[in-house]
Amino acid sequence: MKELIFRTRINIYHTSELPSEYKELEAIVRELPRLAYAPYSHFNVGAAVLLENGNIVTGTNQENIAYPSGLCAERVALFSVGSLHPNIPAKAIAIAAETGGKRVEMITPCGACRQVMLETQNRSGVPLVVLLCGPELVYVAEDARALLPLSFDGWNLPD
Ligand code: THU
């Protein structure tokens with residue numbers, strides 16, 4: 001028997017000690033959950049993507065009465081980046097959530113969003129830093145791959 005062990009490094013910052021390049025991103029994302037359209041789950045999520053040229057593109061979760069038609073905040077934001085700025089690499093994505101009027105301590109993105117984060121990173125060749133923003137602490141993964149070991153990468157798809 002052999003085993004594979006995956007290690008994930010998450011750096012935890014107090015919002016006050018966040019590296020300066022992420023301060024504006026964090027300030028923006030904390031305001032986004034209240035703009036979400038989440039009348040069914042009452043779980044409001046915001047995502048803000050920092051591009052290499054300094055632009056920030058935002059998204060919030062968008063739900064629908066036909067539940068599977070909705071989309072997470074992260075994919076709303078990342079697909080906006082892909083359609084509005086297809087040739088500008090995304091450097092970082094910050095995520096924040098709120099429910100019952102309270103900020104979520106640590107929002108953990110779903111598998112589908114992690115897969116899209118990873119493809120965003122692979123497409124540009126630039127590491128996508130992921131910031132999971134709580135009210136006081138921010139959990140930072142330096143690379144989207146860290147959040148999705150054994151991801152589907154399509155290498156065995158037929159030509
Ligand atoms: N959701 C997000 O937008 N991002 C996440 O990281 C987790 C979940 C949304 C999907 C749905 O609208 C609601 O939160 C509850 O799952």
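Modeller: Let us begin with the naming of elements: helices (H or I, at least four residues) and strands (E, at least two) are DSSP runs, numbered from the N terminus. Pro39, for example, has its place in the loop between helix 1 and strand 2. Residues are numbered from 1 along each chain as its sequence is written, and side-chain values use heavy atoms, with hydrogens and water left out. The model is predicted: local features need pLDDT of at least 70, side-chain atom pairs count only at pLDDT 80 or more, and totals for chains, interfaces and linings use all residues.

Colleague: Is Pro39 buried, partly exposed or exposed?

Modeller: Buried means under 20% relative accessible area, exposed over 50%, and partly exposed in between (1.4 Å probe, protein chains only). Pro39 has 31% relative accessibility and therefore counts as partly exposed.

Colleague: Which other residues lie in the loop between helix 1 and strand 2?

Modeller: Among them are Tyr37, in the loop between helix 1 (23-29) and strand 2 (43-51), Ala38 and His42.

Colleague: What can be said of the backbone at His42?

Modeller: Phi of His42 is near 55°, a positive value in a residue other than glycine. Leu150 also has a positive phi, of about 55°, although Leu150 is not a glycine. Leu150 is placed in the segment after strand 7 (137-141), and its relative accessible area of 71% makes it exposed.

Colleague: Which residue forms a salt bridge with Lys91?

Modeller: Lys91 pairs with Glu21, the closest N and O atoms being 3.7 Å apart. This pair links distant parts of the chain, 70 residues apart: Lys91 is in strand 4 (residues 90-99), and Glu21 is in the loop between strand 1 (11-14) and helix 1. Lys91 is partly exposed at 28% relative accessible area, and Glu21 is partly exposed at 44%.

Colleague: What are the N to O distances in the pairs Glu26 and Arg30, and Glu31 and Arg34?

Modeller: For Glu26 and Arg30 the N to O distance is 2.8 Å. Glu26 is buried, with a relative accessible area of 7%, whereas Arg30 counts as partly exposed at 27%. For Glu31 and Arg34 the N to O distance is 3.5 Å. Glu31 counts as partly exposed at 39%, and Arg34 as exposed at 57%.

Colleague: Which residues form the nonpolar patch on the surface?

Modeller: Patches are made of residues with over 30% relative accessible area and no salt bridge; like charges are joined within 9 Å, and nonpolar side chains (Val, Leu, Ile, Met, Phe, Trp, Tyr) within 5 Å. Accessible areas come from the Shrake-Rupley method with a 1.4 Å probe, and for residues only the protein chains shown count as cover. Here Tyr37, Tyr40, Ile65 and Tyr67 form the patch, with about 470 Å² of accessible area together.

Colleague: At what angle do the axes of helix 2 and helix 3 cross?

Modeller: Axes are lines fitted to C-alpha atoms, for helices over the stretch in contact, and angles run from 0 to 180 degrees between N-to-C directions. The axes of helix 2 (residues 73-84) and helix 3 (residues 111-124) come within 9 Å and cross at roughly 25°. That makes helix 2 roughly parallel to helix 3; angles under 35 degrees count as roughly parallel, over 145 as roughly antiparallel, 65 to 115 as roughly perpendicular and the rest as oblique.

Definitions and conventions
Salt bridge = Lys/Arg side-chain N within 4 Å of Asp/Glu carboxyl O.
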